[in-house]
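Hi,

Here is the structure I said I'd pass on. Have a look at it first, and my notes on what turned up follow below.

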Amino acid sequence: MDTDVLVVGAGPTGMTLANELLVAGVSTVLVDKLPQRSDLSRAGGMQSRTLEALDQRGLLEPLLATGDHPVIDGHFAGIPLPAHLARHRLPWRSVPQVVIEGFFEEHLAAHGIHVRRDHELVGLAQDADKVTATFAHGATVRARYLVAADGAHSTVRSLLRAGFPGRPGTSTVVAADVRLSGADPLMSHTWSDDGHWAAVFPLGTDPQGRPLRRLALGGPGRSVPRVVPVTEEEIRDGLRMVFGSRVHLLELRYARRITDAARQVEQYRHGRVFLTGDAAHVHLPLGAQGMNTGMQDALNLGWKLGAAVHGWAPENLLETYHRERHPVGAAVLRNVQAQSLLMDWAGTRDPDVAALREIFTAMVQLPDVRDSLADMLSGMAIRYPMPGTETHPLVGRPAPDMDLLGLARLHELLRSGRGVLLDPADRFAKVAALWSDRVDRVGQGADTEPMLIRPDGYVCWAGSPDGSTHDLERALGCWFGAPR
Ligand SMILES: Cc1cc2nc3c(=O)[nH]c(=O)nc-3n(C[C@H](O)[C@H](O)[C@H](O)COP(=O)(O)OP(=O)(O)OC[C@H]3O[C@@H](n4cnc5c(N)ncnc54)[C@H](O)[C@@H]3O)c2cc1C
């Protein structure tokens, strides 16, 4: 075997996964067909749950130190969800995808994982023990597991002939990186009376420190085939339609057309091959969910592959990747569908849609509705189906970040990539000792109820301090394998 895990594709999903495998201590080969890192401008927003997960690995501070990454407001279908009203410790940030990829590539290289570029996967075969990948220049790599993080047009997905149901794109809008003048409308969606719309988000600064914006333009007659190049005149015209003379284009740096295609693979696992990120799901980039969902796929899968390679994975642990992440991807597709309808993405000017948006906009002012949408879009509402979800409200959810009475913050304990058992009454030392090679126990000082947290930061058991050890033992066995 050349490596434990072969990761195909060094976008944000593949890089996140390679880092999780590094933390888990398994050998990893990360390949990409491109000769150098892509400078395509794509994602610009990072959600609370992704920020939290990076914090749990000690990567958030250094990532945010790479430049100016302001907190940004969220939105649902263009209806603002102000960041200062959300309940999350880490509100959304503007972090461009190219920055994330550059950051991860350097971090991985510093730890011995160098992206093997010019490696285009063209062939794939698997048997009971291994996967063999063939590259365009003739080389082969044999691995115990292969992870497809090769994007929306995934070669691995095609080679597997994996079902990818959904709908093809029916219309396009323009997405552009620009500098704007005038009353620069930050982080807002604006509609004109005749159905044209513009959305403007912060996108860092240029080398001279001038603010850059991601601009999206849509409306009647704006849907043009993807292959037709976007012109500067088209952008000026779109701005004029929505803002009149209030906003002008100062510089057009990059533009493309994006479609509303929406698809998801039927199965995330195919034997020893796993599909992640855009290779598993594609949809409109509404609410900054594509890259974030892909990175979170990787966070879910990484430690499980680590457990399988190290030989302690309980039966079916790898199955839980599909069971947990497929519903999350499906829910993202559904909320994007609802958003594109509500914001009249295609510029139909349908009065029914306008009426619906008016009512919805009023409802979003209600704190409960706003919080629930913010939780959904930020990834904080994710709840994985696990034993115990019916008996305890924390099980299946991201662990609450907490200060363990000055010992540390819980998230700092997760940096090692091991499980954590919070045991405030020191009741479970004996049983925890049986898993001490995989799970750290935090005894007295943890001002909380007892809970068991997986390496990806999700609570997989919680109980009362005087409860029996039986349930805990079962949960330890279910997620961390047989006792020593
Ligand atoms: C305009 C725009 C704005 C967006 N905004 C946001 C946002 O704000 N927030 C958000 O979360 N998402 C956003 N997205 C979506 C986001 O960009 C994608 O979801 C994200 O890039 C997916 O990451 P990935 O690593 O799964 O795939 P990719 O980034 O596509 O990476 C795949 C990698 O695989 C490599 N590859 C492909 N085929 C092969 C092969 N055969 N062999 C080897 N390597 C291969 C490619 O070269 C590439 O480097 C946006 C997208 C667009 C277009």
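This is a predicted model: local features need pLDDT of at least 70, side-chain atom pairs count only at pLDDT 80 or more; totals for chains, interfaces and linings use all residues.

Helix α7 gives the most to the shell around the ligand, with three residues. Two or more shell residues come from each of α1 (12–24), β15 (247–259) and α7 (290–310).

Residues are numbered from 1 along each chain as its sequence is written, and side-chain values use heavy atoms, with hydrogens and water left out.

**The ligand**

The ligand is surrounded by 33 residues, and the closest are D32, R42, Q97, D278 and M291. By type, the shell splits into twelve nonpolar, 13 polar and eight charged residues.

T13 puts a polar side-chain atom 2.8 Å from a ligand oxygen. P12 has a polar backbone atom 3.3 Å from an oxygen of the ligand. For D278, a polar side-chain atom sits 2.8 Å from a ligand oxygen. On its own the ligand has 1,000 Å² of accessible area, and the protein covers 91% of that (Shrake-Rupley with a 1.4 Å probe; for residues, only the protein chains shown count as cover).

**Salt bridges**

Side chains of opposite charge can pair when their charged atoms come close. The count here is 27 salt bridges, taking one as a side-chain nitrogen of Lys or Arg within 4 Å of a carboxyl oxygen of Asp or Glu. Three of them may interest you:

- R415 pairs with D55, with 3.8 Å between the closest N and O atoms. R415 is in the loop between α11 and β20 (419–422) and D55 is in helix α2, so this pair ties together parts 360 residues apart in sequence.
- E324 meets R454 at 2.8 Å, N to O. E324 belongs to helix α8 (residues 319–342) and R454 to the loop between β22 (451–453) and β23 (459–462), so parts 130 residues apart in sequence are tied together.
- D426 meets R441 at 2.7 Å, N to O. D426 is in the loop between β20 and α12 (429–433) and R441 in strand β21 (residues 439–442), so the pair ties together parts 15 residues apart in sequence.

How accessible are these residues? Buried means under 20% relative accessible area, exposed over 50%, and partly exposed in between (1.4 Å probe, protein chains only). E324 and R454 are both buried. D55 is buried at 15%, whereas R415 is partly exposed at 37%. D426 is partly exposed at 33%, and R441 is partly exposed at 34%.

There is also a network of salt bridges linking R179, D206, R210, E251 and R253.

L51 lies in helix α2 (residues 48–56) and counts as buried because its relative accessibility is 1%. Contact means heavy atoms within 4.5 Å. Beyond four places in sequence, L51 touches M46, L60, L90, P91, W92 and R93.

H392 is in the loop between α10 (367–378) and α11 (410–413), and is buried at 13%. Its side chain makes a polar contact with the side chain of E449, at 2.9 Å. Leaving aside residues within four places in sequence, H392 is in contact with R383, E449, A462 and G463.

S340 sits in helix α8 and is buried at 11%. A polar atom of the S340 side chain is 3.1 Å from the backbone oxygen of Q337. Not counting residues up to four places away in sequence, S340 touches L284, L286 and W345.

Cheers

Terms used: Helices (H or I, at least four residues) and strands (E, at least two) are DSSP runs, numbered from the N terminus. A polar contact is a pair of N or O atoms within 3.5 Å; within protein, one must be able to donate a hydrogen and the other to accept it, and residues adjacent in sequence count only if both atoms are side-chain atoms. A residue is near a molecule or strand if one of its heavy atoms lies within 4 Å of it. Ala, Val, Leu, Ile, Met, Phe, Trp, Tyr, Cys and Pro count as nonpolar, Asp, Glu, Lys and Arg as charged, and the others, Gly among them, as polar.
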